[in-house]
Amino acid sequence: MTVELISVGTELLLGNIVNTNAAFLSEKCAQLGLSLYYQTVVGDNPERLEETLRTALGRSDVVILGGGLGPTQDDLTKETAAKVLGKELVEDPHTRERIQEFFDVRSIGEIPDNNWKQALVPKGAIVVDNDNGTAPGIIIEENGKIVILLPGPPGEMIPMFHKDIFPYLNQKQPEIIVSEMVKICGIGESKAETMIADLIQSQSNPTIATYAKVGEVHLRLTAKAQDEAAARKLMKPVIRELKVRFGGHIYTTDEQTTLEEAVVQLLKEQQISLTTVESCTGGLFTGRLVNVQGASEVLKQGFITYSNKAKRKLIGVKKLTLKEFGAVSEKTAKEMAKGAILTTGSDAAVAITGIAGPDGGTKEKPVGLVYIAVSVKGNLRVEEYRFTGNRAKIRESAVVAALTLLRTGILETIKF
């Protein structure tokens, strides 16, 4: 079945509210195996909403409208849907009782007359209780089409969808869609896609889609089946093949796990303590690690050595090195990493120095030039990078590259 989303509210068009409902509903519809081809945002205008709904019904099996079910005059979603479907609005006694109870429990006092408007529903509709507000959800089945009206506030819509709408739609569309994410670091998107070009060209069920992130590539596998177990069984041999092709570049198959979480977990498993030294990234790398719960078990200390003086005084970079090779050089990056380990006695160190721009670059050392040194249990490695983009993008790219290089360094110590 095909599904279409219509988000109602002028505040969405003006950008006053971020449309998180659409993202939530899109994900859930995909899980249900519904094909979502169109999303529309329309303001609180009955003529435009009517036109949008008629268009949606002409091309989709299921239309989900979110918002516009409140008590005020500009809340016209229900009225417009009833008009389009030729349905009379009648009072639902059960909903009226729930509205009364909602106000009584909260001791709000007299119920404004306009709130009773929310007890009106299209004749013959399925009414879905709202456990977190006064506007019920509504399901209308007409001429082989399904129209679902949901309240706009996420705190009302999301619980209602989980409790009632998802099971209802699942009965209408028994096949479900299940996805798994394979996350890769150290390989660019174009190379990753080339490595699995044959899998992509021959795909049917499951399918593979590539998503480029800063310094990473995520591969989403999606399978359609009668239930989750059957879908995962379809994906299993494909995931096994991806592991063969990408090997250690895969850092997780858990969609929720981030690269920094994977790195911290490795550090903990190998009982490796870490010190960081940052120049151009100014603490961003350390911050990514600190965001991970339990990072304090492995992160010993962090230095921000933005100036040459700080590099000399805090971690012992030689004055001659800075003068002869410069702050942004392979030699300086090496001494930063070595100095960090000597100063703190940690097992590993990450040092980052570079030119983030927009100024400071030269022909020999352009903006985007970054050196990253990683030392893990005595094994020191330095890489030169040439990143592009603005200052923020260069710094973010450097952080991801440092995480990847640190992860590689840890894995190499395990091998030997």
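I began with Glu-180, which is buried at a relative accessible area of 17% (buried means under 20%, exposed over 50%, partly exposed in between, with a 1.4 Å probe and protein chains only). The model is predicted, so I kept to its limits: local features need pLDDT of at least 70, side-chain atom pairs count only at pLDDT 80 or more, and totals for chains, interfaces and linings use all residues. Residues are numbered from 1 along each chain as its sequence is written, and side-chain values use heavy atoms, with hydrogens and water left out.

Next I looked up salt bridges (a side-chain nitrogen of Lys or Arg within 4 Å of a carboxyl oxygen of Asp or Glu). The count is 21.

Glu-180 pairs with Arg-232 at 2.6 Å, N to O. Arg-232 is in helix α9 and Glu-180 in strand β9, so the pair ties together parts 52 residues apart in sequence. I took helices (H or I, at least four residues) and strands (E, at least two) as DSSP runs, numbered from the N terminus. Arg-232 is partly exposed at 32%.

I then checked Arg-245, which bridges to Asp-198 with the closest N and O atoms 2.6 Å apart. This pair links helix α9 to helix α8, 47 residues apart.

In helix α3 I found Glu-50 and Arg-54, four residues apart. Their side chains meet in a salt bridge of 3.1 Å, N to O. Glu-50 is buried at 17%, while Arg-54 is partly exposed at 43%. Lys-83 joins both in a network of salt bridges.

Last, I looked up Ser-60. It lies in the loop between α3 and β3. Ser-60 is buried, at 2%.
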